[in-house]
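Colleague: I have a structure open and would like to go through it slowly with you. Could you take my questions as they come?

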Amino acid sequence: QYNPTFCQLKNSINKSLVNLCQFYRYSPRPSRINDVDVWTDIGVHDVDLMLTLFGMPNSVNASSFLDQKGTIVSMHAVYEFNNLHSKMICVLNTSWLSASKKRQIELCLNEDVNNSASVVKANLLEQTVEETRETRIVKKIDDHFSPNIIDSTTITRLTKEEPLLLEIKSFISALNGSKEGTTLDKSLEVAMIMESTIESSVRNQ
């Protein structure tokens with residue numbers, strides 16, 4: 001949640017228009033890690049981001065892929081939210097079965113008051129935000145030649161900052177009495193989502 005790209009996304013989107021949000025967190029399996037699974041190792045970060053954006057989900061349906069030792073190496077979890085203006089789906093894709101790293105959030109937003117729907121892609125590694133907007137044109141009855149939809153894409157390149165360094169600074173501020181950052185209640189909510197996702201994946205095996 002300290003990544004500047006996520007902060008930009010959190011502060012700029014209209015959450016009530018989001019109908020689909022997908023998180024992608026892929027990386028090769030670290031050779032040094034042999035005591036936890038991929039969900040515990042890196043999935044927890046996207047659960048934290050999802051919770052920050054949308055709050056607690058109403059339901060989860062998850063499936064996982066295990067290696068020969070029974071360790072989760074890939075998790076696909078679908079969360080449903082009914083506490084916003086309309087039903088919204090959030091999908092977390094977490095895997096060690098990748099040759100390269102991917103850290104991305106993609107959101108699909110319904111049409112706003114300007115008849116514009118959009119897809120927003122936030123690349124947490126490159127620290128860029130790409131928005132493709134489709135504006136539906138209300139045509140006159142006798143207008144047969146103008147396009148029904150106009151597409152436009154904007155890419156925002158943020159000044160790169162190291163999220164871990166920002167997190168350390170936040171931790172030091174908390175030690176000095178700052179109230180910003182993760183609370184105990186939020187940590188417990190993250191733990192609840194993590195556990196319910198595991199339970200769902202076990203039921204679906």
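Colleague: Let me start with V190, then: is V190 buried or exposed?

Modeller: V190 is buried, because its relative accessible area is 9%, and buried means under 20% relative accessible area, while exposed means over 50% and partly exposed lies in between, using a 1.4 Å probe and protein chains only. Before we go on, please keep in mind that this is a predicted model, in which local features need pLDDT of at least 70, side-chain atom pairs count only at pLDDT 80 or more, and totals for chains, interfaces and linings use all residues. Residues are numbered from 1 along each chain as its sequence is written, and side-chain values use heavy atoms, with hydrogens and water left out.

Colleague: Where does V190 sit, and what does V190 touch?

Modeller: V190 lies in helix α4, where helices (H or I, at least four residues) and strands (E, at least two) are DSSP runs numbered from the N terminus. Not counting residues up to four places away in sequence, V190 touches V44, V47, D48 and L51, and contact means heavy atoms within 4.5 Å. V190 and V47 are 143 residues apart in sequence, although their C-alpha atoms are 6.4 Å apart in space.

Colleague: You mentioned D48; which helix is D48 in, and what does D48 touch?

Modeller: D48 lies in helix α2, and with a relative accessible area of 15% D48 is buried. Leaving out residues up to four places away in sequence, D48 touches Q1, K186 and V190.

Colleague: Let's zoom out: how many helices and strands are there in the protein chain?

Modeller: The protein chain has four helices and eight strands, and from the N terminus on they run α-β-α-β-β-β-β-β-β-β-α-α. Along its principal axes the C-alpha trace spans about 70 × 45 × 35 Å. Buried residues make up 33% of the 205 residues in the chain. Among contacts with a separation of 6 or more, 62% are between residues 24 or more positions apart.

Colleague: What about the largest nonpolar core, and which residues there touch the most other members?

Modeller: A nonpolar core is a set of buried Ala, Val, Leu, Ile, Met, Phe, Trp, Tyr and Cys residues joined through side-chain atoms within 4.5 Å. The largest one has 38 residues, and Y79, I105 and L107 touch the most other members. At least two residues of this core come from each of α1, β1, α2, β3 (72–81), β4 (88–95), β5, β6 and α4, and the largest share, nine residues, comes from α2. In soluble globular proteins, nonpolar side chains tend to be buried together.

Colleague: Which residues is L107 in contact with?

Modeller: Leaving aside neighbours within four places in sequence, L107 is in contact with L9, I13, V18, L20, C21, F54, S118, V119 and V120.

Colleague: Changing topic, what is the volume of the largest pocket, and which residues lie nearest its centre?

Modeller: The volume is about 860 Å³, and 31 residues line this pocket, of which Q1, R25, H45, P163 and E167 lie nearest its centre. Here a pocket is, on a 1 Å grid over the protein atoms alone, an open set of points where a 1.4 Å probe fits, with protein on both sides within 12 Å along at least five of seven lines, and lining residues have an atom within 4 Å of a point. Grid points are joined across faces, edges and corners, and a volume is the space filled by probe spheres set on the points.

Colleague: Which element gives the most to that lining?

Modeller: α2 gives the most to the lining of the largest pocket, with six residues.
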